[in-house]
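Please look over the sequence and the structure below before reading on. The explanation after them goes through the side chains step by step.

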Amino acid sequence: GETCRLWRDSSALGGAAASFLAEEQRPGALWVGTPTQGLFRFTSTNATQFGAAEGMPGLRISSITFDDDGCLWVGVFGKGLVRIRSGRMAGMVGEAEGLPARTVGSMLMDGLGSFWLGTERGIVRVTMASLHQIAERRVAQGVFDLFNEADGMHSAECADGCHPTAVRDETGRLWFATASGVVTVDPRTVQLGFRFEF
């Protein structure tokens, strides 16, 4: 209607800040990332926490987003990415798997089969197929393209800690907030060695 109300399940969030939101297409559950209590999944009937006991490598969530396959990818501060499939943890991708950064502060799908990740070391491009292969342990390491100051960024450090810090516009261009302004890239024309636009 036309009313707003504060919603809080004290038995679940416990007053923790909610920094990130992502909605499932089916069955309509809402995922909430927090900076201190990990990840939560809320439905109309219950709340489920994903923390250390469930295998999360850390409790400070730095980003969350769904891919086209319905998997939820969760950035965990200093620990890389966690994949959640069908409501369960289903693989991790970190430095040991070739990810050239520790903290993923934003994630965008480019509509061409790749994820673009805003990290503390620059913007990383990786195919969705490669991420799933790593998470499923079909390959030990993936292929990641890292773009940073050498590619024209004024600062390689991308923003994290709030949502959203990156967007894909209606033309397909990707925009990332950084420690020194905003950069944009057209994933349809990018080549290794390109320069970002400010």
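The model is predicted, and residue numbers run from 1 along the chain as the sequence is written.

Begin with the rings. The structure holds four aromatic pairs. One of them joins F40 and F42, whose rings are stacked, with 6.0 Å from centre to centre and 20 degrees between the planes. The pair counts as stacked because planes under 30 degrees apart fall in that class. F40 has a relative accessible area of 1% and is buried. F42, with a relative accessible area of 7%, is buried as well.

Another aromatic pair is formed by W73 and F115. Here the arrangement is edge-to-face, with 90 degrees between the planes and 6.5 Å between the centres. W73 belongs to strand β6, residues 72–76, while F115 belongs to strand β10, residues 114–119. The two residues are 42 apart, and their pairing links distant parts of the chain. W73 counts as buried, at 0% relative accessibility. F115 is also buried, again at 0% relative accessibility.

A ring can also face a charge. The charged end of R60 sits over the ring of F77, at 3.6 Å from the ring centre.

Next come the charged side chains that meet each other. The model has ten salt bridges. In one of them, the side chains of R125 and D145 meet, with 2.9 Å from N to O.

R138 and E136 give a salt bridge in another setting. Their side chains meet at 2.7 Å, N to O. R138 has 53% relative accessibility and counts as exposed. E136, at 31%, counts as partly exposed. The cut-offs explain these two labels, because exposed means over 50% and buried means under 20%, with partly exposed in between. Salt bridges with shared partners join R83, R85, E136 and R138 into one network.

D186 and R188 also form a salt bridge, with 2.8 Å from N to O. D186 is buried, and its relative accessible area is 14%.

The cysteines can be described briefly. How many disulfides does the model contain? The count is zero. C71 is buried, with a relative accessible area of 1%. C158 is buried too, with a relative accessible area of 4%.

E120 is found in the loop between β10 and β11. Its relative accessible area is 29%, so E120 is partly exposed.

For the backbone nitrogen of T103, the distance to a polar atom of the E120 side chain is 3.0 Å. E120 can also be placed relative to V104: the two are 16 residues apart in sequence, and their C-alpha atoms are 7.3 Å apart in space.

Conventions. Predicted model: local features only at pLDDT ≥ 70, side-chain atom pairs only at ≥ 80, totals over all residues. Heavy atoms only, no water. Phe/Tyr/Trp six-rings, centres within 6.5 Å; stacked < 30°, edge-to-face > 60°. Buried < 20%, exposed > 50% of the residue type's maximum accessible area, 1.4 Å probe, protein only. Helix = DSSP H or I, 4+ residues; strand = E, 2+ residues; numbered from the N terminus. Lys NZ or Arg CZ within 6 Å of the ring centre and 35° of its normal. Salt bridge = Lys/Arg side-chain N within 4 Å of Asp/Glu carboxyl O. Disulfide = S-S within 2.5 Å. Polar contact = N/O pair within 3.5 Å; in protein donor to acceptor, adjacent residues only side chain to side chain.
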